Amino acid sequence: MPTAESGEAKGVVYETKDLNLWYGEHHALKHIHLTIYENKVTAIIGPSGCGKSTYIKTLNRMVELVPNVRIAGHLAYRGRNIFDPSYPVEQLRTQIGMVFQKPNPFPKSIYDNIAYGPRIHGIRNKKVLDEIVEKSLRGAALWDEVKDRLRDHAYGLSGGQQQRLCIARCLAIEPDVILMDEPTSALDPISTLKIEELIQELKKQYSIIIVTHNMQQAARISDKTAFFLNGEVIEYAETNKLFSNPADRRTEDYITGRFG
Amino acid sequence: MPTAESGEAKGVVYETKDLNLWYGEHHALKHIHLTIYENKVTAIIGPSGCGKSTYIKTLNRMVELVPNVRIAGHLAYRGRNIFDPSYPVEQLRTQIGMVFQKPNPFPKSIYDNIAYGPRIHGIRNKKVLDEIVEKSLRGAALWDEVKDRLRDHAYGLSGGQQQRLCIARCLAIEPDVILMDEPTSALDPISTLKIEELIQELKKQYSIIIVTHNMQQAARISDKTAFFLNGEVIEYAETNKLFSNPADRRTEDYITGRFG
Amino acid sequence: MDKLLVSKRMKGRLVQNAILQAIFFFATVLGLIALMLLLSHVVMQAIGWLDGDFLNNFPSRRPEEAGMKSGLIGSLWLMMIVAPVSFILGVGTAIYLEEYALKNRFTAFIQTNISNLTGVPSIVFGLLGLTIFVRELGLGRSVLAAGLTMSLLVFPVIVVAAQEAIRAVPQQLREASYAMGATKWQTICRVVLPAALPGMLTGAILALSRAVGETAPLVVLGIPTFIAYLPSGVLDTFTVMPLQIYNWTGRPQEEFQHVAAAGIVVLLGFLIMMNSVAVLIRNKFQKRF
Amino acid sequence: MGIPTNQEQPFSVREMIVENQRRQHWPKRMEKIAPKLLFTLAALSVLVTLGILFTLLFETIEFFRWVSIVEFVTSKEWLPWNEEHGSFGVAPLVTGTLLTTGIAMLFAVPIGLASAIYLSEYASERTRRIIKPALEVLAGIPTIVYGFFALTIVTPLLQNVIPDLEIFNALSPGLVMGIMIIPMIASLSEDAMSAVPNSIREGALALGATKLEVALKVVLPAAASGVIASVILGISRAVGETMIVAVAGGSSPEFTFDVTKSIQTLTAYIVQVTTGDAGYGTTIYYSIYAVGMTLFLFTLVMNVLAQYISRRFREEY
Amino acid sequence: ACGGGNKAGGNDAEGESASELSGEVIMDGSSTVYPIAEAAAEEYMAEQPNVKVSVGMSGTGGGFEKFSKGESDFSNASRPIKEEEKQAAAANDIEFQEFQLAYDGLSVVVNKENDWVDYLTVDELKKMWTEDGKEKKWSDIRSGWPDEEIQFFSPGHDSGTYDYFDEVILEGKEMVKTAQLSEDDNILVRGVEGDRYAIGYFGYAYYLENKDKLKIVPIDAGNGPIEPTNETIETGKYTPLSRPLFTYVNVKSLKEKPQVYDYMEFLLETAGDLAEEVGYVRLPEEKYKEQLETLQGLK
Ligand SMILES: Nc1ncnc2c1ncn2[C@@H]1O[C@H](COP(=O)(O)OP(=O)(O)OP(=O)(O)O)[C@@H](O)[C@H]1O
Ligand SMILES: Nc1ncnc2c1ncn2[C@@H]1O[C@H](COP(=O)(O)OP(=O)(O)OP(=O)(O)O)[C@@H](O)[C@H]1O
Ligand SMILES: [Mg+2]
Ligand SMILES: [Mg+2]
Ligand SMILES: O=P([O-])([O-])[O-]
C-alpha cells in the first residue's frame with residue numbers, strides 16, 4: 001500500500017494544490033493540499049461547517065452552481081486541470097459520480113431515476129436499460145424492496161430508501177470516482193453495512209471519496225483519512241495511522257470526542 | 001426507575017393501544033402497543049422502512065397531513081385521546097415539539113426561524129424574543145457560530161447547522177415532549193455529542209422520543225428502547241436489557257448487525 | 001458503460017446544448033426585439049409631442065393642446081381599485097383551492113371555471129359589469145364600477161399564478177410549522193404566503209398590465225372618452241388612457257397619430273413604474289429552495 | 001441550560017404560551033372564519049360565471065327565436081347584415097378564431113417556453129432579473145397598440161415575403177397576438193421551473209447531464225403542471241382577445257383556413273357590433289349574445305380538456 | 001337613472017347669475033360625431049368651468065341603448081334613430097328631441113396613380129359595389145379602363161357610413177364579397193393608398209386630411225360630376241352621398257337641468273364652426289336657427 005507521501009503519478013486520481021474557495025466574502029477552503037489515490041477509499045472527516053461538502057463538491061465542480069463562488073488554486077483529475085476550459089464539465093462529471101447528503105431523487109418513477117443517467121448518455125435499448133437498473137439497484141441493496149414497484153414514484157420511498165436509490169442512480173453510469181457526502185447518514189445499520197460492503201467491493205474498480213461524521217465508519221472502510229477543520233486540512237494520513245497515532249493535537253481531540 | 005410493565009398512570013406520557021395505520025393500501029403500523037414514560041428518553045430503532053418515522057409522526061398527528069392515511073386504535077397523550085375532536089391538534093402540537101429527519105428551516109432569517117414558534121403563540125415582546133432566541137440557539141449548540149449573523153438567511157447554513165437550527169426552533173416553545181426523527185444523522189460527532197448531552201439535560205424537564213439508526217447512540221442516551229420491524233413492535237424494554245439481553249431472536253440479530 | 005462511446009457522444013451533446021442554448025437565448029431576445037421594434041416605432045412618433053403640457057392638459061380637439069391628464073389620473077384611480085381587489089380575490093381563491101378545498105368535483109368545477117374565465121372575452125365582462133355594477137348596483141359609470149369589472153376580468157390570472165406558487169412551497173416547510181403548533185391559517189400566512197409571494201406577484205403584474213391596457217370593456221360600460229376634470233372619489237366618472245389612445249388613433253388628422261403615440265409612451269411609462277414596484281418585491285423574496 | 005441571566009426575572013415560555021392560548025380567541029376564530037371567507041372568494045368566480053351566463057342567456061334565447069339553432073350551427077355563411085338573404089352560420093367566425101389562435105400559439109408556445117428555459121436554466125440571476133420584467137411589459141401594451149402594430153408594421157413586412165397577403169389577414173394578428181402571449185407563457189413557466197428544487201438539478205448535473213438535459217428531462221417534466229397552466233392561459237387569452245383581431249384581421253367572416261385572407265373572429269364580431277351602429281333590439285343586437293355564448297362554450301370545452309390533460313401530467317416534488 | 005339627477009340645480013336661490021352653472025352633462029354615442037362633441041365640450045367648459053361635460057363613444061347603437069335607459073342626456077348618432085330604438089325609449093318613458101349638427105360627405109376615392117377614372121355615375125358605383133357572383137374588373141365598368149381586378153375598401157358593416165352607402169347606392173343589395181372592411185377609416189386610407197386598382201369610400205374628414213395621398217372621384221347623380229367640397233356639401237349639390245349627423249337630447253333633462261339646456265343651446269350656436277374645424281361640413285345657417293327655435297319651444 002503506497003503511503004501518502006509516495007505519490008507515484010500512475011495511481012493518482014486527484015491532485016490538489018493550494019486550493020482556495022470563497023463563498024462571497026467567506027473563505028471556506030484555505031490552501032488545501034491533498035492527493036487522492038486510485039482504488040482507495042478516502043474519508044474526509046471534520047466538524048460541521050468545516051468545508052467537507054464544499055471540498056468534494058469542488059472535485060466535480062458542482063460547487064460552481066452556488067452564485068458568487070470564487071475558486072483559486074490547482075486541482076487536477078488524472079493529471080488534467082479540471083478548470084481547463086477545454087475540459088467539458090459534463091465529461092468530468094460523467095466520470096465522477098456523486099451521492100448527496102440529502103437524498104434528491106428526481107420526481108419520476110424509480111426506474112426512470114436509475115435510467116436517467118444511461119439515457120442521457122445515449123443508451124436507449126430497453127433490455128440494456130432493464131439490466132442496468134437491476135444491477136444498480138442490487139448494488140445499492142435496494143432491489144429486493146422495490147423490484148415489484150419499479151414504476152412507482154420515487155417519492156413514495158422512505159428517507160433511507162430514497163438515499164439508496166440515489167446511490168443506485170449514481171452506480172448506473174459506472175463512474176471512475178464516486179464522491180459520497182454522508183451517504184449513510186440517513187440509513188439504518190443494515191443498509192449502512194451493505195453500503196459499506198459495497199464500497200469495499202467497488203474500490204477494486206473505482207476510487208471513492210467519502211465524507212462522514214461517523215468515525216467508526218471512516219475507520220472501518222477507508223484507506224486514507226483527511227481531517228478538515230475550519231476550511232483547512234489539518235492532517236491527512238493512512239487511516240490506521242491517523243486514528244491510532246494522530247500527528248496533530250487537534251486531530252486527536254476530535255477523534256477522541258474531546259474537541260469543541 | 002419504573003419498569004415498562006409497572007405503568008403507573010402519573011408518569012405516563014403516551015399510551016398506545018392496538019394502533020394501526022395505513023397509507024392507502026399499505027399497512028405501515030400494525031397493532032402497536034407502547035407506553036411512553038415521563039422524563040425518559042425513549043429510543044426507537046429498526047431497519048429502514050419499518051415505520052419509525054410513521055409512528056412518531058402519529059404521536060403529534062403530523063402523519064395526517066399525508067393524503068389517504070387511515071388510523072385505527074387508541075393513542076392517549078397524558079391520559080387524553082389525541083384523536084378526540086374536542087382536543088385541538090394545535091394545542092397538542094404546542095406541547096409536542098418535533099425535529100425532522102431532513103433539516104427544514106423556513107426561508108427566513110435565523111432569528112425569525114427561532115422566533116416563529118413564540119410569535120405564533122402570541123409572544124411579541126422584542127426583548128423576550130431576543131432572549132428566547134439566544135437561549136434556544138445555545139441549547140442547540142449553535143449560538144457561537146451564528147450569533148453575529150442572526151439576520152442572515154437560514155439557507156446559508158451548512159446541513160449540520162441547519163439541523164441544529166431546527167432543534168433550536170423546536171426548543172423555543174419549551175414543549176413537554178420532544179419527538180426527534182434521526183436528529184443527528186446529519187451532524188458531526190461534536191455537535192452530536194452536544195445534542196446528546198442536551199438530551200440528557202432536557203429529560204429532567206421533558207420527555208424525549210428519538211428515532212435513531214445509531215445503535216450506540218440509542219444505547220448511550222436512552223432509558224427505554226423499542227425495536228420496530230415491518231410495522232410491528234418486536235421488543236420494548238429498558239435499553240440496558242434490550243441491548244444486553246434481548247428477548248427476541250430478531251432483536252438480537254438486528255443489534256448485532258447479523259440481520260438482513 | 002462504454003467509456004469510449006460516452007466520450008464520443010459527449011461532443012454531440014455539448015454541441016446540442018450550445019446550439020439550444022443559443023436558440024433559447026435568441027427566442028428570449030426575439031420577444032425583446034419585438035418590444036424594441038414596437039417601442040422605437042412609438043417613441044419616434046411621440047418625439048416632440050410628449051412634454052409637460054401633454055401630461056398637464058385635458059383632451060382637446062386641437063392636437064397641439066391635447067393632453068393625457070384625465071386619462072393618466074383616471075388610470076391611476078382605476079388601478080387603486082383593481083390592484084387590491086383582484087389581488088385579494090385572486091390570492092384568496094388560490095389559497096382556498098390549494099390549502100382548504102377537498103379534492104372533489106366541486107373543486108374541480110371551480111378550477112375549470114376559473115381557467116374558463118380567462119378565456120371569456122373582455123367585452124363580455126363589459127356586458128356583465130354594465131348589467132351588474134353600473135345598473136343593478138347603481139354605481140354608474142364610476143371608478144368603482146369600472147374597477148370591479150376590471151378586477152373580475154383579470155383576477156383569474158392571479159389565481160392560476162398563485163396556485164402554482166403555493167403548490168411549489170415544499171411540504172416540509174408546512175410540516176415544520178404545524179409541528180410548532182401553528183394553526184393552518186398561521187401556517188398559510190407566515191410560511192406559505194411569503195414563500196409563494198414571488199409567483200403571486202408575477203400573476204399580479206400580468207393581471208394589472210392587462211387591466212391598464214384594456215379598452216373594450218370600458219367602452220361597453222360607457223366610460224366616457226372626453227373628460228376635462230378629475231375624479232375626486234371612487235363614485236365619480238372618469239376616463240382612462242387606452243380609451244383616449246383608441247380615440248386618437250381613429251382620428252383623421254395625421255397629428256393625432258403622434259398624440260396617440262405620446263399617449264402610448266405615457267401608458268407604458270405608467271405600466272413600467274407600476275410593475276417595477278411588484279418586481280422589486282418579487283426579487284426580494286425570490287429564493288430557490 | 002442556563003441563560004447568562006440579565007437581572008430580569010426568569011420567565012417560562014411554556015407558561016406564557018398556555019396563558020396566551022387561554023386568552024387568545026382571535027387565532028381560533030380566524031381559523032374558523034378563514035376557510036369560509038376564502039370559500040366565499042373562490043365561490044365568487046362561480047358567481048361571475050353565472051352572471052356571465054345570465055347576461056348572455058336571455059338575449060341568446062331571444063336570438064334563437066329569430067334564427068334557428070340548426071342554421072346557426074350548420075350554415076357556413078355569416079351574413080347578418082344582409083336583409084334579403086342574411087345568414088347566421090357561426091362556422092366562419094369559429095374558423096377565424098381557430099386560425100388566429102392557432103397561429104398565435106404556434107408562435108408563442110415554443111418561444112415562450114424557450115425563453116422560460118433560458119431564463120430559468122441558463123441565464124444568470126442578474127440577466128433574469130432584467131429580462132423577465134422587460135418581457136412582462138409586452139403583456140401590458142394596450143391591445144389596440146398591438147392591433148396597429150400588426151396592421152401597419154407586421155402586415156407590410158409580411159407582404160414582402162408573401163405577396164398574396166391581403167391587407168387584412170389572419171396571419172399578422174395571429175403573430176402579434178403570439179408576441180403578446182409570450183410573456184404570459186414565459187413568465188409563468190419560468191416561475192414553475194424556478195420552483196423546482198435545486199437539489200434535483202444537482203442530482204442530474206452530477207451524472208454528467210448537460211444543462212439542456214437537465215432542463216428538458218428533469219426540470220420541465222417536474223414543472224409540467226405550471227407549464228401547462230401557462231399554455232392554457234395563453235390559449236384562453238388568444239381565443240378571447242379582441243382588439244388585435246378587430247383592427248388587423250378585417251371584418252369579413254369567411255369559412256376558410258387560408259391565413260392570407262381577411263377573416264373575422266367571434267370576438268371581433270362582438271366588438272364590431274357593440275361599438276357600432278346596430279340598433280338596440282335588432283336581430284344583430286341579439287346575435288352578439290349568441291356569439292358570446294358560443295365563445296363561452298368554446299373556451300369551456302377547451303378548458304375541461306386541458307384540465308384533464310394537466311392532471312395526468314402532474315409530477316409532485 | 002344614474003348619473004343624471006344629482007347636483008343638477010347648481011344655480012339655486014342664492015341669486016347667482018344664470019350664466020354660472022354647474023352639474024353634469026352626459027353625452028355618449030357615435031364615434032363619427034365624437035370630434036364635434038369633444039370640441040363643443042372643450043369650448044363649453046372654458047365658459048362654464050363648473051359644468052362637468054363628459055363625452056363617450058359607444059357607437060350610435062350603444063349610445064341609443066344607454067340613452068333609452070335614461071343613462072345619458074345626449075346620444076350622438078350618425079344615422080336617424082331606428083324604430084326598435086324608439087320603442088325602447090318609449091318603454092322607459094324617455095322623451096327625446098332630434099337635432100342635426102353637421103353634414104358628413106362620403107368621399108369616394110381611388111389611388112393617386114389611377115389615371116383613368118375622371119368621375120363615376122351613381123349607376124356605375126352601384127354596378128361596381130353590388131355582388132353579382134363575378135370577378136369585378138375596371139374594364140367591366142367602362143370600356144377602355146384597365147383589364148384589372150378592382151380592390152374594394154369599405155367601412156365595416158356596422159358603421160353609419162356603411163349603412164348610408166348601403167341605403168343610397170346598394171339599395172339593400174349585397175356588397176361585393178371581395179371588399180375589405182374595416183371599422184377604422186384611417187386603415188381604408190392606407191388600403192387605397194397602397195393599391196393602384198383600389199377604390200374606397202369613407203368620411204369626408206379622412207379625405208380632407210389625406211388629400212395629397214388620394215384621388216377624389218366626383219360623383220354624377222344626373223347633374224354632372226360633383227366633387228365633395230364644403231360648399232357642395234353644405235348646399236346639397238353633392239348628392240346622394242352627403243348625410244346629416246345628429247344628436248338626440250333627453251327632453252326631461254333639457255327641462256330639469258339648466259346646464260343641459262344651456263349646453264344644447266351652445267351646441268347649436270357653435271356646431272357649424274366646430275364641425276368645420278374637425279373636418280365636417282356646416283349646415284346652412286337657417287337650419288341652426290330653426291333648431292334653436294325648436295329648442296326654445298321645449299324649455
Ligand atoms: N407518504 C407515504 N405514502 C405511501 N407510503 C409511505 C409514505 N411514507 C412512508 N411510506 C411507506 O411506509 C413505510 C414506513 O415508512 P417510514 O418513513 O415510517 O419508515 P422509517 O422507518 O422512518 O424508515 P427510514 O429509516 O428510512 O426513515 C415504508 O415502507 C414507506 O415506503
Ligand atoms: N451556499 C453557501 N453560501 C454561503 N456560505 C456557505 C454556503 N454553503 C456553505 N457555506 C458555508 O461554508 C462553510 C462550509 O460549509 P460546508 O457545507 O462545506 O460544511 P460541511 O463540512 O459539509 O458541514 P456539514 O457537516 O454540516 O455538512 C460553512 O461555514 C457554511 O456556512
Ligand atoms: Mg456537508
Ligand atoms: Mg424515517
Ligand atoms: O360610431 P358610429 O356609429 O358613427 O359608426
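This note sets out points on the chain contacts and the two ligand sites of a predicted model.

1. Chain contacts overall. There are 8 pairs of chains that touch, and the pair formed by chains C and D has the most contacts among them. Chain E, by contrast, has no contact with chain A, the closest C-alpha atoms of these two chains lying 52 Å apart. Chain E likewise has no contact with chain B, and here the closest C-alpha atoms are 49 Å apart.

2. Extent of the interface between chains C and D. Chain C contributes 86 residues to this contact and chain D contributes 92 residues. The size of an interface is often expressed as the accessible area that is lost when the parts come together. For chains C and D, the area buried between them is about 7800 Å², of which 72% is on carbon and sulfur atoms.

3. The rule finds 1 salt bridge across the interface of chain C and chain D. The salt bridge pairs Arg13(C) with Glu213(D), and the closest N and O atoms are 2.7 Å apart. On the side of chain C that touches chain D, helix 1 of chain C (residues 3-46) gives the most, with 18 residues. The residues on this side of chain C comprise 50 nonpolar, 28 polar and 8 charged.

4. Surroundings of ligand 1. The site of ligand 1 is shared between chains, because residues from chains A and B surround this ligand. Around ligand 1 there are 19 residues, and those that come nearest are Ser158(A), Ser48(B), Gly49(B), Ser53(B) and Thr54(B). Helix 6 (159-171) of chain A and helix 1 (52-59) of chain B each supply at least two residues of the shell around ligand 1. By residue class, the shell of ligand 1 holds 3 nonpolar, 13 polar and 3 charged residues.

5. Polar approaches to ligand 1. The side chain of Thr54(B) has an N or O atom 2.5 Å from an oxygen atom of ligand 1. A polar side-chain atom of Lys52(B) lies 3.0 Å from an oxygen atom of this ligand, and a backbone N or O atom of Cys50(B) is 3.2 Å from an oxygen atom of ligand 1. Ligand 1 taken alone exposes 630 Å², of which the protein buries 83%.

6. Surroundings of ligand 2. Ligand 2 is placed between chains A and B. The residues that surround ligand 2 number 20, and the closest are Ser48(A), Gly49(A), Ser53(A), Thr54(A) and Gly160(B). Helix 1 (52-59) of chain A and helix 6 (159-171) of chain B each supply at least two residues of the shell around this ligand. The shell of ligand 2 comprises 4 nonpolar, 13 polar and 3 charged residues.

7. From chain A, an N or O atom in the side chain of Thr54(A) is 2.5 Å from an oxygen atom of ligand 2, and a backbone N or O atom of Cys50(A) lies 3.2 Å from an oxygen atom of ligand 2. From chain B, the side chain of Gln161(B) has an N or O atom 3.3 Å from an oxygen atom of ligand 2. Ligand 2 taken alone exposes 640 Å², and the protein buries 85% of that.

Notes:
Residues are numbered from 1 along each chain as its sequence is written. Chains are lettered from A and ligands numbered from 1 in the order in which they are written. This is a predicted model: local features need pLDDT of at least 70, side-chain atom pairs count only at pLDDT 80 or more; totals for chains, interfaces and linings use all residues. Side-chain values use heavy atoms; hydrogens and water are left out. A residue is near a molecule or strand if one of its heavy atoms lies within 4 Å of it. A polar contact is a pair of N or O atoms within 3.5 Å; within protein, one must be able to donate a hydrogen and the other to accept it, and residues adjacent in sequence count only if both atoms are side-chain atoms. Accessible areas come from the Shrake-Rupley method with a 1.4 Å probe; for residues, only the protein chains shown count as cover. Helices (H or I, at least four residues) and strands (E, at least two) are DSSP runs, numbered from the N terminus. Ala, Val, Leu, Ile, Met, Phe, Trp, Tyr, Cys and Pro count as nonpolar, Asp, Glu, Lys and Arg as charged, and the others, Gly among them, as polar. Contact means heavy atoms within 4.5 Å. Buried area is the accessible area (1.4 Å probe) that two parts lose on being put together, summed over both. A salt bridge is a side-chain nitrogen of Lys or Arg within 4 Å of a carboxyl oxygen of Asp or Glu.
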